[in-house]
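I opened the model to look up its strands and helices. My entries follow in the order I made them.

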Amino acid sequence: MVVSEYDAFGPWIYEISEEHPAPELFKPYIPEEPCLMCFKIPRDIERRRATPDMDLYDYVVGAYEEYICILKRIEHTVEKSIVRYRDVEGICLFRKFLRGTCTLYLKNGEAVLPFNVVSIATMTAFVGLVRQRYMTESERPVPGCQPLDGSIPEMLFVNLTRELQESGEKFQTVAYQPEMPVLFKKETFSERIAHIRRPQRIPAALHLISDRELLIIQRELAAKKTRENEYGYTFTYLPLSKIRDIQFEKDKGCGQILKCLIRMEHTQLELDLDESNQKAGDFYRTLSGSLR
């Protein structure tokens, strides 16, 4: 039985089916070949503001055997993008309360898919499909990589790693970076006042690895003094086969910060580590050595 878009509309992502067909606006642009998964992402508007004559969906996304098709609504037209799995250099899945985004790091920029976290299971399934297909060569364990000793003090990371294990993921925890205040040197008076009003911090992060991927789970840093950052975090997946180089730089304004630059062919990820965090530094040096 077909459910009308207006009656079904809400924050949910629907997989396209006989019950929930593709929106009329997008139908001419959807590839005709069989897909592994196809879903539609609704507009971010309140249900009471929706009307039967509106285009109620912003995206239709299809995962096919060799590529992803991303259709984006622009007013009353559609922008079509084809993304080959081999061109995906990483994936970042962000969630905070009910707000989520899935970002694909690509050769020519980024593709960002906003969604409501009530549909996190659908988006996680999509990310899983992409991760199965974005490898370019066989993987092998990183030699000399040692698991993290001791327990992780933050319950958020404990719970998230437990969920990973229960879902069948084979990641090993190798380093932990606690959230820390940044101590600047040679500050002017105005800079010192600004840092007192808005203290800068190194975000808390957990670093994990499998024989296929690097995974960084990182807390969001709040823009103001608040506990909201406890609820915002990212999962960043990087295929090991696409990491080309890892370099380290000291922050010019703060010798405490060691910047770790992870470079893919077209994408760069920058991590802030506490220089005294020997475990994290040693892990990335070991990973860097394995690339040569």
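Pairing first: I count two strands as paired if DSSP finds at least two bridges between them. Helices (H or I, at least four residues) and strands (E, at least two) are DSSP runs, numbered from the N terminus. The model is predicted, so local features need pLDDT of at least 70 and side-chain atom pairs pLDDT 80 or more, while totals for chains, interfaces and linings use all residues. Residues are numbered from 1 along each chain as its sequence is written, and side-chain values use heavy atoms, without hydrogens and water.

Entry: strand S14. I looked up its partners. Strand S13 (residues 213-219) pairs with S14 in the antiparallel sense over seven bridges. Glu 213 stands opposite Pro 239 of S14. Strand S6 (residues 88-96) also pairs with S14, antiparallel, over six bridges. There, Arg 95 has Tyr 233 as its bridge partner in S14.

Then I checked burial (buried: under 20% relative accessible area; exposed: over 50%; partly exposed: in between; 1.4 Å probe, protein chains only). Eight of the eight residues of S14 (residues 232-239) are buried, so the strand is largely enclosed by the rest of the structure. Gly 232, Thr 234, Thr 236 and Leu 238 point one way. Tyr 233, Phe 235, Tyr 237 and Pro 239 point the other way.

Entry: the open sheet. Five strands run in the order S1-S2-S3-S4-S5, with antiparallel pairing. S1 (14-15) and S5 (77-84) are the edges; each has a single partner strand, so one side of each lacks a neighbour in the sheet. Inside, S2 (residues 37-42) and S3 (residues 57-63) pair over six bridges, antiparallel. Cys 38 has Gly 62 of S3 as its bridge partner.

Helix H2 (residues 120-133) packs on this sheet and touches S1, S2, S3 and S4 (67-74). I take contact as heavy atoms within 4.5 Å. The direction of H2 makes about 140° with that of S2. Axes are lines fitted to C-alpha atoms, for helices over the stretch in contact, and angles run from 0 to 180 degrees between N-to-C directions.

The buried residues of H2 are Thr 122, Met 123, Phe 126, Val 127, Gly 128, Leu 129, Val 130 and Arg 131.

Entry: helix H5. Which residues are buried in H5? I found Ala 280, Gly 281, Phe 283, Tyr 284, Leu 287, Ser 288 and Ser 290. Their cover includes S9 (172-177), S12 (205-209), S13, S15 (245-250), S16 (257-263) and S17 (268-274).
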